[in-house]
Amino acid sequence: MRKHSKTENGQLQMKADRLLQQVFTKLFPHCEMCGQPVSCAHHFIEKSKSNILRYDFKNLVPVCQSCHTKFHNKFGFSKGTYDIIDALIRKRGKKWLDYIEKTRHKLIKTDKVWYNAIINSLEKEINEKTI
């Protein structure tokens, strides 16, 4: 079910989110975890937990549907979830994890100026990569 927003910021956020998925999945066509065709860009730190990481490519993981499901089972009792998170951390390393942990708590003002800058950047990426 699609979410609909009546606020200008909400509409801009949805547009930026759609563009992010489009750009990221074209740039990274294979699942980072298993090599299968990518289905989406998974946010390692959830979108709701960090606005600053929401559009940061370092926080995104190109995943197939199966691996995406494993990431989202982390609050269940699925051993595979912990395995996939551990595998990602081992693959990307401590420097990456330190960056994510340090950056996730930074606060930013998410207004229409910020969303428009994100949208413009993503649209530029689309035009440069001829996606």
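Buried denotes under 20% relative accessible area, exposed over 50%, and partly exposed the range in between (1.4 Å probe, protein chains only). The model is predicted, so that local features need pLDDT of at least 70 and side-chain atom pairs count only at pLDDT 80 or more, while totals for chains, interfaces and linings use all residues. Residues are numbered from 1 along each chain as its sequence is written, and side-chain values use heavy atoms, with hydrogens and water left out.

**View 1. Strand β1 and its partner β2.** Helices (H or I, at least four residues) and strands (E, at least two) are DSSP runs, numbered from the N terminus. On strand β1 (residues 40-43), C40 and H42 on one side and A41 and H43 on the other are all buried. Strand β2 (residues 60-63) runs antiparallel to β1, joined to β1 by four bridges; two strands pair if DSSP finds at least two bridges between them. Opposite H42 stands V61 of β2.

**View 2. The aromatic pair F24 and F57.** Rings of Phe, Tyr and Trp (its six-membered ring) pair if their centres lie within 6.5 Å, with planes under 30 degrees apart counted as stacked, over 60 as edge-to-face and the rest as tilted. The structure holds five such pairs. In one of them, the ring centres of F24 and F57 are 5.1 Å apart and the planes stand at 90 degrees, so the pair is edge-to-face. Because F24 belongs to helix α1 (residues 8-27) and F57 to the loop between β1 and β2, the pair ties together parts 33 residues apart in sequence. F24 counts as buried, at 2% relative accessibility.
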